[in-house]
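Please keep the sequence and the model at hand while reading.

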Amino acid sequence: MVKAREPDRLGKRHQCMPIKTLRSFILVMLAFLLTACSLPGMASVSSPPVLRPELLLVAPPGSTVTPTPFQPLPPTPTYLPTDFPTPAPGDPPTAEPEAVTADQSRTWADYPGPTVWPDIEVPPPTGILAHPEGQVNILLLGSDQRPNEGGFRTDTIILLTLDPASGSAHLTSFPRDLYVYIPGWTVQRINTAFGYGGFDALALTMEYNFGVHPDYYVLVNLWSFVDLVDSLGGLNVQVGQTLCDHRDGYGTYCAYQGLVTMDGETALWYVRSRYSSSDFDRGRRQQEVIVAAFDKLISLNGLGRAPELYDLYIQNVTTNMSFDQMAALLPLAVELADTGNIERYAISPAQVVDWINYSGAMVLLPIRSAVLDVMRQALNSP
């Protein structure tokens, strides 16, 4: 058990922060915490046996895996924000997301073709799945960026689906090794899309392969998660199963089943440990940390320290959401805190098959029928 750090006192300059900004911030910080760890989820989604999987990406009959000279393009330069984006005076208001009340078909002509020939056959796009009017889809992204390093990948990709009408939130996780078509580039792991072309590229990838075009995104990095957990005074995590794994500076380190208080470094180790477990086991642990973070954030302690957390947030988050757009979702966040109406979904082993790509690396090919079954539930599709 790790002793939480004592919080620093707030400076006087925080005392005049507008109430509207503080309220908006509470919801944003929930998204911030969610993006800090990948959430493969444990949704109770039952898919029928698939005898002949219809893959989103299909290897040609009789083909064999052979190395090719293809090399991924380098990622675009990293943008490290120092302030939260706000509209300039006179700028038009940000457009609200359009309602999709019926499935919308798409064809090859709706997307840019590949600039690098892929090593596997690419099928037509899935089309856009229906979802209720007023529903909002936000991509929560966590990068593997290290300090003073340029390129990065979004190893955490979680779709947060908020439906104010039903008072519900759905979390859907996408494994980083999903091998999908990135429109305008090639077939690659999904975690390379943002580094290649930013949010636009990843949003188009989500639309093409999974039937949803996210409205917004929030992107954070690893060290921001550590700072935030410490700023909250640590988290009380209900550990479901004892984990013993390597931890730098400790050798073999254990988190025992039961309630464990974790500081930022310990929580990051807990959600990222992989030497003695699988990505899917990590999903369970990351869910536990997210629940603990949400509980801490909505506590009086978290609310009372919002100005301090706000300063931390604006230095470490990139997003296309304005404060006004976040504030509009605050009533739903408060309702979720009372009802706990948050369901978890994932693209899990039941929705993928293993495949060796051109470079000899193991990747995950989505099974179309199984994937869309999960997506329809996650998006509240009729």
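How many bridges join strand S1 to strand S2, and in which sense do the two strands run? In this predicted model, strand S1 (residues 136-142) and strand S2 (residues 156-163) run antiparallel and are joined by 7 bridges. Within this pairing, Leu-139 stands opposite Leu-159 in S2.

**Strands and sheets**

S1 and S2 belong to an open sheet of 6 strands, arranged in the order S11-S6-S1-S2-S3-S12 with mixed pairing. At its edges are strand S11 (318-319) and strand S12 (342-346), each of which pairs on one side only.

Another pairing involves strand S7 (residues 235-239) and strand S10 (residues 258-262), which are antiparallel and share 5 bridges. Here Leu-235 stands opposite Met-262 in S10. The two faces of S7 can be told apart: Leu-235, Val-237 and Val-239 make up the covered face, while Asn-236 and Gln-238 make up the uncovered one.

**The disulfide**

The structure holds 1 disulfide. It joins Cys-244 to Cys-254, with an S to S distance of 2.0 Å. The pair links distant parts of the chain, 10 residues apart: Cys-244 is in strand S8 (residues 243-247), and Cys-254 is in strand S9 (residues 251-255). The link is right-handed, with 115° about the S-S bond. Cys-244 has a relative accessible area of 34% and is therefore partly exposed. Cys-254 is also partly exposed, with a relative accessible area of 23%.

A polar atom of the Asp-245 side chain does, however, lie 3.1 Å from the backbone nitrogen of Tyr-275. Leaving aside residues up to four places away in sequence, Asp-245 touches Gly-251, Thr-252, Tyr-253, Trp-269, Ser-273, Arg-274, Tyr-275 and Ser-276.

Trp-269, one of the contacts of Asp-245, is among the buried residues of H4. Helix H4 (residues 264-272) is largely enclosed by the rest of the structure, because 7 of its 9 residues are buried. These are Gly-264, Thr-266, Ala-267, Leu-268, Trp-269, Tyr-270 and Val-271.

Helix H2 (residues 193-210) contains Leu-204. At 22% relative accessibility, Leu-204 counts as partly exposed. Which residues does Leu-204 touch, not counting those up to four places away in sequence? They are Tyr-111, Pro-112, Pro-183 and His-213. Tyr-111 is 93 residues from Leu-204 in sequence, but their C-alpha atoms are 8.4 Å apart in space.

**Salt bridges**

Side chains of opposite charge can pair when their charged atoms come close. A search of the whole structure finds 4 salt bridges, including those tabulated here.

| Pair | Closest N to O distance |
|---|---|
| Asp-103 and Arg-376 | 2.8 Å |

The salt bridge of Asp-103 and Arg-376 ties together parts that are 273 residues apart in sequence, because Asp-103 lies in the loop between helix H1 (19-35) and S1, and Arg-376 lies in helix H10 (residues 368-378). Asp-103 is partly exposed, with a relative accessible area of 44%. Arg-376 counts as partly exposed at 30%.

Glu-207 is buried, with a relative accessible area of 8%, whereas Arg-106 is partly exposed at 26%.

Arg-176 counts as partly exposed at 25% relative accessibility, while Asp-155 counts as buried at 16%.

Notes. Residues numbered from 1 in each chain as written. Predicted model: local features only at pLDDT ≥ 70, side-chain atom pairs only at ≥ 80, totals over all residues. Heavy atoms only, no water. Disulfide = S-S within 2.5 Å. Helix = DSSP H or I, 4+ residues; strand = E, 2+ residues; numbered from the N terminus. Buried < 20%, exposed > 50% of the residue type's maximum accessible area, 1.4 Å probe, protein only. Contact = heavy atoms within 4.5 Å. Polar contact = N/O pair within 3.5 Å; in protein donor to acceptor, adjacent residues only side chain to side chain. Pairing = 2+ DSSP bridges. Salt bridge = Lys/Arg side-chain N within 4 Å of Asp/Glu carboxyl O.
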